[in-house]
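Dear colleague,

My notes on it follow directly after.

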Amino acid sequence: MRYIIATLGCKVNQYETQGMERLLQSHGHRAALPCEQADAVIVNTCAVTAESGRKSRQTIRRLHEEHPDAVLAVCGCYAQLEPDEAAEIGAAVIFGAADRAKTVEAVEKAVAEGAQRRDIDKPFERRVFEALPAGAVDGRTRAMLKVQDGCVNFCSYCIIPYTRGRLRSLPLDEARAETARLASEGYRELVLTGIEIASYGVDLPGRPGLADLIETVAEAAGEMRLRLGSLEPTVITEDFCRRSAATGKVCRHFHLSLQSGCDKTLKAMNRKYDCVRFLEAAELLRRDFPGCALTADLIVGFPGETENEHAETLAFLRRVGFADVHVFPYSRRPGTPADTMPGQCSRAVKTRRAQEAQQTVKELRRAFLQESVGLTLPVLFETEENGFWRGHSDTYALVCAQGDHLRGQLRQLRVEGLEGDLLKGSLV
Ligand code: SF4
């Protein structure tokens with residue numbers, strides 16, 4: 001069969017889509033060409049904000065209109081929360097944020113026999129980590145490995161615990177085996193991803209932690225370097241930094257979930273750290289990974305956030321010296337405590353604060369990149385355009401250089417200049 005598969009949302013969704021696609025291809029199916037009608041359309045949806053839900057609906061509708069005869073399958077967090085809406089749009093197969101392998105089976109059955117299937121489980125009853133085949137379907141440079149699922153942090157703005165459910169982790173021996181397989185397939189970078197990887201292992205016998213996972217994976221990684229997905233600052237301890245750095249495999253780039261640089265707002269968000277603890281985490285990382293890039297997610301315009309508190313957050317961004325920050329204006333999510341909090345900010349206030357934060361981030365990004373000029377950085381090259389190869393440094397800066405057949409090569413690059421957000425240099 002010919003399929004189209006679309007993904008919205010986070011890295012974990014991207015990973016799970018890759019897993020489904022690898023399953024589909026191993027069963028002899030192929031992606032529909034742009035000019036072809038598909039037999040099946042699969043939309044892996046997101047619901048992290050009300051806006052993501054809206055975009056998910058829009059994508060489902062659009063693809064259903066473009067491929068009216070295809071079996072429409074919808075899975076992911078939006079489908080988990082709103083299966084009736086998905087059915088109204090015309091989905092014949094509806095799954096939630098689990099059972100990706102069963103989703104593929106159900107799609108095959110629907111195409112072959114016209115069988116409809118709706119299977120929404122209870123997230124807090126999930127106990128088993130669903131292992132899916134890892135690895136990109138196109139190109140063999142960077143692979144993702146999902147090592148963890150679920151979250152029980154219940155941040156007051158977030159719906160994810162209600163869709164992803166309890167904590168489940170990929171056992172260490174399976175992580176080792178999967179890493180060794182990806183290394184032998186020729187990947188050069190492995191991204192460890194999950195919904196909340198700082199909680200890795202709490203459900204496993206002996207409760208291994210994230211540092212144990214990193215050491216295990218590093219041993220099997222061969223030529224691959226390791227990049228860590230988004231981290232809660234609470235996992236950054238002296239022990240974690242020392243052990244991760246000792247592997248010699250971990251990229252000097254850490255994406256930390258900051259969300260606010262104001263203690264009062266962090267408390268209202270039900271985050272489990274304050275600014276002092278965050279600064280301590282940044283310092284520990286910089287000590288063991290000199291020159292590392294710290295990036296973060298930030299929510300502006302959270303209910304009750306005053307102008308002074310917003311200014312406090314901007315000052316905090318400067319104090320940490322982030323290399324980059326993803327700024328999100330707070331988006332109300334029905335079903336979360338923050339949705340009913342007093343002091344909701346107007347759209348205009350949220351937009352202005354987001355612009356102010358983005359301006360600060362632009363200056364910080366520029367300063368970080370400027371500091372890279374003159375340095376020699378390890379770069380993994382990925383794509384080519386007009387004789388110039390692009391890739392990412394270990395610090396996750398976008399880099400460009402001239403050379404022959406550099407795809408998938410990890411090379412040292414002397415940075416000579418900066419053009420916009422692009423570092424330019426020559427191979428050493
Ligand atoms: S840590 Fe907080 S923001 Fe992240 S998934 Fe869990 S509840 Fe949501």
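Which residues are around the ligand? In this predicted model, they are Cys151, Asn153, Phe154, Cys155, Cys158, Ile160, Pro161, Ile195 and Glu196. Sorted by class, this shell comprises 7 nonpolar, 1 polar and 1 charged residues.

As to the overall architecture, the domain assignment divides the chain into domain 1 (2–121), domain 2 (149–251), domain 3 (255–372) and domain 4 (376–427). The centres of domain 1 and domain 4, taken over C-alpha atoms, are 36 Å apart.

The secondary structure consists of 13 helices and 18 strands. The chain has a radius of gyration of 22 Å, close to the 22 Å given by the globule rule for 428 residues, so it is as compact as a globular protein of that length. Along the principal axes, its C-alpha atoms fill a box of roughly 60 × 55 × 50 Å. Of the contacts between residues at least 6 apart in sequence, 74% join residues at least 24 apart.

Turning to the interior, 48% of the 428 residues are buried. The largest nonpolar core contains 113 residues, and Ala73, Leu226 and Leu294 touch the most other members. Apart from this core lies another, of 13 residues, which include Leu369, Leu377, Trp389 and Val399. In soluble globular proteins, nonpolar side chains tend to be buried together.

Beyond its neighbours within four places in sequence, Leu226 is in contact with Leu190, Leu192, Ile214, Val217, Ala218, Ala221, Lys249, Val250 and Cys251.

With kind regards

How values were computed. Residues are numbered from 1 along each chain as its sequence is written. This is a predicted model: local features need pLDDT of at least 70, side-chain atom pairs count only at pLDDT 80 or more; totals for chains, interfaces and linings use all residues. A residue is near a molecule or strand if its C-beta atom, placed from the backbone, lies within 6 Å of it. Ala, Val, Leu, Ile, Met, Phe, Trp, Tyr, Cys and Pro count as nonpolar, Asp, Glu, Lys and Arg as charged, and the others, Gly among them, as polar. Domain bounds come from an automatic or database domain assignment. A nonpolar core is a set of buried Ala, Val, Leu, Ile, Met, Phe, Trp, Tyr and Cys residues joined through C-beta atoms within 7 Å. A residue is buried if 20 or more other C-beta atoms lie within 10 Å of its own, exposed if 12 or fewer, and partly exposed in between; C-beta atoms are placed from the backbone. Two residues are in contact if their C-beta atoms, placed from the backbone, lie within 7 Å. Helices (H or I, at least four residues) and strands (E, at least two) are DSSP runs, numbered from the N terminus. The radius of gyration is taken over C-alpha atoms; the globule rule is 2.2 Å times the number of residues to the power 0.38.
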